[in-house]
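Biologist: Can you walk me through this one? I would like to start with a contact inside a chain and then look at how two chains meet.

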Amino acid sequence: MSNPLEDMSKPDVIFCIGTNMTECHPVAATGLKKAVARGAKLIVADPRHIALAEMADVVLPLRVGTDVALLLGMAHVIDREGLVDEAFVSERTEGIEAFREHLARFTPEWAEGLTGVPAADIVQAAVWYGEAERGAIYYTLGITEHICGVDNVQSLSNLALMTGNIGREGTGINPMRGQNNIQGAGDAGALPNNYPGFQAVTDPAHQAKFAELYGHEIDLEKGMTKVTALELCGDKIRAMLIDGENTVVTDPDRSHCEHALKSLDHLVVIDLFLTETAALADVALPATAWGETDGVCTNTERRVQRLRAAVEPAGDARPDWWIVSQIAKRCGFPGFDFESAEDVFNELCSLSPIYAGLDWDVIDKGEFHWPVPERGHPGTPILHQGVFENGRGLFRSLEYRDPAETIDDEFPVWLTTGRRLASYHTRTQTGRSHGIDYLLPEETLEIHPDDVADWGLQDGGLCRMTSARGSVEIKVAATNRSPRGTVFTSFSFNDTPVNYLTGSGYDPVTQTAELKVCPVRLEALPESL
Amino acid sequence: MPLPTDQDLVTDWKSRPAPLLPLLHAFNDRDGYLSDEALRAVSQGLRIPLADLFGTVTFYHHFSRFPPGTNAPRVCTGQVCRFAGGLELLETMRKDGATPMPCAGRCDEPVPVLTGRSVQVGVTVGEFESRPSPLPVANPGGLEECVFAAIRNPGNDTLEGYRRAGGYSGYEGALGSDPENLLTVITDSGLAGRGGAGFPTGVKWRAVREALNPRPGDDTRAGPKSVVCNADEGEPGCFKDRVLMDHDPHAVLEGMALAGYAAGAEIGFIYLRYEYPETADILDRAITEAENAGLLGENILGSGFSFRIHVRRGAGAYICGEEGSLLNSLEGKHPFPRERPPFPVTHGFENRPTVVNNVETLASAAAIARRGAEWYRGLGAGDLAGTKIISLSGDIMRPGNYEVPFGFPLQTLLNDWAGGPRPGRHIQAVTMAGISGGFLAKEDLDVTLDEPSVRSKGSMLGAGGIMVFDDSRDMLEVAHSCMEFFAHESCGKCFPCRIGTQRLTERLAGAAGPGVLAGWSDEVEDIGSVMKATSACGLGMAAPLITESLMRYFPEQVAAHVEATNS
Amino acid sequence: MSDPSSETTVGSIEVDGKNLNFTAGETILEVTRRHGAVSGEPCKIPTLCYDERLDPFGGCRMCVVELEGSHNPVASCARAAEDGMVIRSSTEAVEKHRKTLLEMVCSENRQVDVDPLSGYASQELKELADRYDARSGRFAGKKSGKSREDDPNPFILRDYDQCISCYRCVRVCAEQEGDYAISVKGRGFDTQITVEFDGHLKDSACTFCGQCVQTCPTGALADRKALRHTEVPGEIEKTRTICTYCGVGCSVDILTKGDSMVGVQPAMDGPANHGALCVKGQFAYDFVQHDERLKTPMIRGEDGELHPTSWDVALDKAAQGFLDARDKHGRHSVYAVASGRAPHEAGYTTQKFIRSGFWSNHIDNCSRA
């Protein structure tokens, strides 16, 4: 996030796109609800009529995968209506002329044709956002989990740059991170392109720095992404360490994923439970859980915070860092003589420019947002204030692209996937917590009531849902949350393993899977008729 | 004509000012009650959270969630109606689904029975009739009056009739000159709030005029200033506002428009108690007349001043006569009182500067604008300015509304003007301020009718309701029914009132509490003291005046009551 | 806590003889508490309906103080400070009123003492009743509130027999959580906390975030899950950590008795959440001590099944497998996926394992799924 969570109650206009925040980031959503209660305008773009849409001043129910078209239409309106922040644009950006030229043909009427959103609503949303003193954009995986995920993000960036809605309180471009320490995994260097602290591996200076620290020169080229590695299991990739991820259930195209992991010569999985993924391992190692572990995590607003153990580990479970260090030592690798989480974290701080001002003791109260470039620095709650790190903000002239697969006679229905409030990921945790089943005992497929009728299905009955990759049986739930022609479910329940169906394509840059779009067909199962 | 659909009703009201109550009434008028579906439609239409709406609806006595709802009769069981047989009437009508309602403001003509949008009066089933509320008798002392001066003229409730007595001439004059002149006249007249609080009217109007307009961009407060006429006459034993609105509605409208002009407001509301449905029609008719005559609306008489008035009916909650609750109710919120400060003059309707005045105050202002400050000051006795309507009821020969000069002796009103007690009886006690001033009895009946005199006896004149109890009445029973009213009407926001009114009621009923006089008195006094000192609004502060005055004037009756409870 | 001597002050008030400066909009109570926290002499004005995160309400009247020039005491929680105010916070008269109020409050409930597992603020009434010696039994009469034993939800106990109608639950649900699920039905002594149409929480707008539970000062709304551990011996201890679920990073206190995790409470001063949590953070913690936890290392045997073993054996086998792959297929045949849920130390050591051991960048985390 470019701005801190506390800014969520401060904007005049909030544009939420591809984020089901009240279910996925409920506590963050409370800030947004306060802004709305205070009188802020809320624009919600989502194919589904989610809870946020209920609170919205304008709802943009776009067809799945057409975000770029919607955002081009909005940019067109902002330009046409004279709402460009000329001072900001001339001072801090480049490429506006070409961008304006590019925008000319993307009228809201054109966008309506692709998105299905009435042009008048696109105009209204654009005018509100463009006129806002403080306009803020919030998004989540509904933006990134597309083959055009990067284009989507850059389209949002265009809007913020045009209107100067960045680098100030109550503005910004704010992706909400999904897992408690997904930000921290990146901070710590668990990325194929970056060393700790987002230092690019392709930079020879960084290579030299880490060669000295780690005792050997490391490749100057990026590593594979996980997606590629899974593609190449049994071929180029022969041994894999997976820490705390139920890859088999979370990742797209489950059959492919299971096959990949089974093709490895050696699979080591570290986890809390014998998950579907751990069950495939050659070695499964018990990690300490939350509440048993000391450590550090970074939240979605780049706030670095301490985790503290409250109880003894279950059985013989050990902290992840200890397990990995032990494996490394037994491989004969130097530099793994850590005695505590504190040792590990302090080493990370010493290598990461964005953590240079931090150590284990400094972060005790969780006051710091990185970057914290030196000791005594107050941290950086708001990014891009005054100047962009990389110089000027660049406008990108993007074109709309269809999703990897589009509906046709064989697969005439759009499936989009997501999450639900009461379950987390694959329910390894929530599924084992007393009472959660009372709220959400099973997964269903949400279908518009008229579609349920038209397609010969029955509310509460079973149907078979099939994509080009696989099929699942799932219970039908008729609801107006789903628009006509689009159905929704989550991937949380192993008995409705929807990721057997997904995996139509990946963003070419980030290799993020297009989990939000998957053409399917539905058939009533005879026993439910 | 087919009944309007849910959507019709919502569409009709959603973009009008203060839409919640009238929209609920529209559903209620259509169905007789508020169904789950109705609440869902209102919740969606007005974007009020369903739980919130559900809670708010249950707050009001007259909103029913189930049939037959308002189609079943409600029988007044207020103090005076009890004397007239209201409880017995209720029992005989139970088979028709009748339910009780607290004092419905017809103490001069008991017993009112409310069914749907119609009030009938009578004491015997089959002999009810609908009739206009009684006019005041000619001033028994022959004194010059302010608000009643023209009220008895035939046709006074029409624009034409009102004009015949000079109506709207003060307003027309004011519109032709600077609002400052009007403010000066009202201030100099000494007019003060006639709803009970007695705050100087001119000062209030000026405060609203001078209150900063909400900043542009401050979304929650942007919009015009308002004038709210408090016509939620819920005080038991008070029925003066009803007679003014029924027979002199244009005086109220003129007073509001004057307040609007003086204070720089553009929108006016009359918040009318639910139990006066016919009055709502009278006011609506008068507003239409005034609008058609160009006296209300845009750019009135070419002056550039614009002002519109909307009638909003309450739904049965005494607390909505408290101005904070009234404003919350008008805004569609839970009708709890507001903390003060800030006051409505800066943070009133929708948090904007607002004049809140009582009906009588506004009617007086209309007369003052016409006849001047000096004239009005001269109506009072001695140094006291102006007049006050007293609603007199109970054990008295000629109950009704009387306009008296401030400083007028109570005994003269009771015995000379109103004919005294029934033959063979003497007056044991009277209430003051409806029931909010507790009782006066014995030598304290020698007060004059003005706040300094009445307050010197630990009571207050308030809105001017006086109920009379002769020596046939059991004062414990009277005190109990008064406290039961307060407990029924306590909003539940503040602890001292919510718990205190309940505990005092139980003790007056003999249902709980120590069986020894000393312990009983300690508890009742401690509760009273904490209520008076710490309650969040006037209800909780006033209620213990009942027990306080009861114990002061009638210690023997109290001792006997505790004794009886004990045995 | 901001610095009371900061430049934003607009005036000062005198409280019990001390001059305290205030900033625009601060209430008497806020000023007094802020200075109390700094001076080390905490503000002693009692409250029951007050939650510093919520708008001033002025219901319980426990916080009334004497204000010079005012006929009645004023509610310090709702009255904005004005320059020159002279305030006495605990005169004999005011203390007497507070005691009477508490005796009245105690008289409407079934009990005053509730298990501290009930919720964060659940001891507030009990503590005040102790401080004011208010369990006198005076003011006996009808009890208020009706418990909803019929609501089967496993998380929130709705024991309204204990309710004192302070509306903190209603207000926290509206103002903090923004769900507007809880409402006030009826009025006066018959006031009842409820939800739309008097239903069960599950059928209402409630999201089971638990904020109502944590702000309830009497245990009327209580943590049903935590209360299952009432009988576990030992004192409750609290450990401050960060919630394990989404990326918001809410601060929580884990409640333990001995080595048993018995509950979670939000940290009211948590920088990301200020006392808020969601159903997962509040109630989905007991997976940690679930029977199905992997408690010992496992290796795949000749029979193709996983079998428990010692750390030594498992770690050696794990290490050997990576070395074998490297030796047979080259250093780029080894890959690691770090967790987005484990702490930094996990991600850091995992990337270091790949980079310092295999000199490659074949490391990723689970953010692409």
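Modeller: This is a predicted model. Between domain 3 of chain B and domain 4 of chain B, the count is one salt bridge.

Biologist: Which residues form a salt bridge there, and how far apart are the closest N and O atoms?

Modeller: Glu360(B) and Lys388(B) form it, with the closest N and O atoms 2.7 Å apart.

Biologist: Back up a bit. Where are the domains of chain B in the domain assignment?

Modeller: The assignment gives domain 1 (6–59), domain 2 (72–121), domain 3 (159–376), domain 4 (380–470) and domain 5 (475–566). For domain 3 and domain 4 of chain B, the C-alpha centres lie 27 Å apart. Their contact takes 16 residues from domain 3 of chain B and 23 residues from domain 4 of chain B.

Biologist: What area is buried between domain 3 and domain 4 of chain B?

Modeller: About 1400 Å², and carbon and sulfur atoms give 57% of that.

Biologist: Why give an area for an interface?

Modeller: The size of an interface is often given as the accessible area lost when the parts come together.

Biologist: New topic, then. How many residues of chain C and chain A are in contact?

Modeller: 114 residues of chain C are in contact with 148 residues of chain A. The two chains bury about 11000 Å² between them, with 62% of it on carbon and sulfur atoms.

Biologist: How many salt bridges does the rule find across the interface of chain C and chain A?

Modeller: Seven. In a salt bridge between these chains, the side chain of Lys33(A) meets that of Asp179(C) at 2.8 Å, N to O. There are also 74 residue pairs in polar contact between chain C and chain A, both residues at pLDDT 80 or more. The side of chain C that touches chain A has 54 nonpolar, 34 polar and 26 charged residues.

Biologist: Which strands are joined between chain A and chain C, and do they run parallel or antiparallel?

Modeller: Strand 9 (residues 239–243) of chain A and strand 15 (residues 334–338) of chain C are joined by four bridges and run parallel.

Biologist: What stands opposite Leu241(A)?

Modeller: Ala336(C), in strand 15 of chain C.

Definitions and conventions. Residues numbered from 1 in each chain as written. Chains lettered and ligands numbered in written order. Predicted model: local features only at pLDDT ≥ 70, side-chain atom pairs only at ≥ 80, totals over all residues. Heavy atoms only, no water. Contact = heavy atoms within 4.5 Å. Buried area = accessible area lost by both parts, 1.4 Å probe. Salt bridge = Lys/Arg side-chain N within 4 Å of Asp/Glu carboxyl O. Polar contact = N/O pair within 3.5 Å; in protein donor to acceptor, adjacent residues only side chain to side chain. Nonpolar A, V, L, I, M, F, W, Y, C, P; charged D, E, K, R; others polar. Pairing = 2+ DSSP bridges. Helix = DSSP H or I, 4+ residues; strand = E, 2+ residues; numbered from the N terminus. Domains from an automatic or database assignment.
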